Amino acid sequence: MASVFGLPFMQRALIAIALLAVAAAIVGVFINFRELEFVSDGLVHAVFPGLVVGSLIGGPAGLLPGAVAAAVLAALLFTLLGRSGSSPARSVGARDAGIAVVLTGLFSLGIVLVSRSESYVSQLQELLFGRILTVTSAQLWQIAVVACFAIAIVLVTRRAQLFRAFDPAGFEAAGFSGFRTDLALNVSVALLVVAGVQALGVLMVVAILVVPVAVARLLTSRLALLAPVAALVTLAAGAAGLWGSFEWSLRGSVSASPGAMIVLSLVALYGVAAAGAVLLRRSGRGERTGARA
């Protein structure tokens, strides 16, 4: 493994994963607390047409501006959708239905736009699954800057985010603005999508936003440890996925997608953590039963 990551392009790929791991862990904690996993999925897919338009207009250099514009507009739209409805239950239902409509509509629009290109298949594959092994030093700086903006927004509004997550009624009674708080989180998620989409692609970004924090919550109940554990989970899965993809492609006849291998590694870690949590609960019940007897 040391020899594999001694290669320059593998080093850049691992650095990209490390940058995304830290940012996704911090933002992902608030996504998990606010139960906004579906919103995050919607934002990921809503960025797709922006990527396509940016690519058609400016080539590779137009990907980032197009993605940023689409991400900010989608964050604003999803925040407005989340404010619809007179009751909490109705609001959640209206939000999810609206997001589903926007998600499918924008994603289909992106497919139609990208199909106009002569290199339709290869370009679509790059946008959907990323190209982590061809990340350049300039793209690493772009990922770092955009990820820092996403982290900064979440950290500045962290008290309001936690208040809204754990006591929505108290949050409203205290006079906090739900719209500004929701918009801040949605924008940070959208920016993180922009940061990760060039490396991992549209379909893989949502995994690093959702799965690592889910694994962390199975491993620890301490709030201060959730983000560090989630970041380590992403970094471990990233290293395993990159190494596995490299070895499989080198020794076998299959060219394994690094992004897909990273996501599979994340899912495997979640399965191990979930199984371990079940065994610990059963063991704890058995010990309490034995003590009572």
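Student: How many helices and strands does the chain have?
Tutor: There are twelve helices and zero strands in this chain. Keep in mind that you're looking at a predicted model.

Student: What is the average pLDDT of the chain?
Tutor: The average is 79, and 83% of the residues score at least 70.

Student: Which helices have the lowest and the highest mean pLDDT?
Tutor: Helix H5, residues 120-129, has the lowest mean among the elements, at 64. Helix H1, residues 8-34, has the highest, at 90.

Student: Where does pLDDT stay under 50?
Tutor: That happens over residues 85-90. The model gives that stretch two contacts beyond four places in sequence.

Student: OK, on to H1. How many residues does it have, and how far does it reach?
Tutor: H1 has 27 residues and reaches 39 Å from its first C-alpha to its last, close to the 39 Å expected at 1.5 Å a residue. Along the way, H1 bends by about 25° at Ala25.

Student: What follows H1?
Tutor: Glu35 does, with a positive phi near 55°. You'll find Glu35 in the loop between H1 and helix H2, which covers 37-58.

Student: Is Glu35 buried or exposed?
Tutor: Glu35 counts as exposed, because its relative accessibility is 62% and the cut-off for exposed is over 50%.

Student: And how far is Glu35 from Ala165?
Tutor: Their C-alpha atoms are separated by 8.4 Å, although Glu35 and Ala165 are 130 residues apart along the chain.

Student: What about contacts across the whole chain: what share joins residues at least 24 apart?
Tutor: It's 75%, counted among contacts between residues at least 6 apart in sequence.

Student: Let's switch to H9. Does its span agree or disagree with its 23 residues, and why?
Tutor: It agrees: at 1.5 Å a residue, the 23 residues of H9 (178-200) should span 33 Å, and the end C-alpha atoms are 32 Å apart. H9 also bends, by about 25° at Val194. After H9 comes Gly201, whose phi is positive, near 85°.

Student: How many of the residues in H9 are buried?
Tutor: 20 of its 23, so H9 is mostly covered. For the chain as a whole, buried residues make up 48% of the 293.

Student: What does Thr181 touch?
Tutor: Leaving out residues up to four places away in sequence, Thr181 touches Arg34, Ala160, Gln161, Arg164 and Phe171.

Student: How many residues does the largest nonpolar core have?
Tutor: It has 79. Those with the most contacts inside the core include Leu43, Ile132, Val189 and Leu242. H1 contributes the largest share of this core, 14 residues.

Student: Which residues does Ile132 touch?
Tutor: Beyond its neighbors up to four places away in sequence, Ile132 touches Ala13, Ala16, Ile17, Ala199, Leu242 and Pro258.

How values were computed: Residues numbered from 1 in each chain as written. Predicted model: local features only at pLDDT ≥ 70, side-chain atom pairs only at ≥ 80, totals over all residues. Heavy atoms only, no water. Helix = DSSP H or I, 4+ residues; strand = E, 2+ residues; numbered from the N terminus. Buried < 20%, exposed > 50% of the residue type's maximum accessible area, 1.4 Å probe, protein only. Contact = heavy atoms within 4.5 Å. pLDDT = per-residue confidence, 0-100. Expected span 1.5 Å × (residues − 1). Bend = angle between axes of the 7 residues up to and from the residue. Core = buried A, V, L, I, M, F, W, Y, C linked by side-chain atoms within 4.5 Å.
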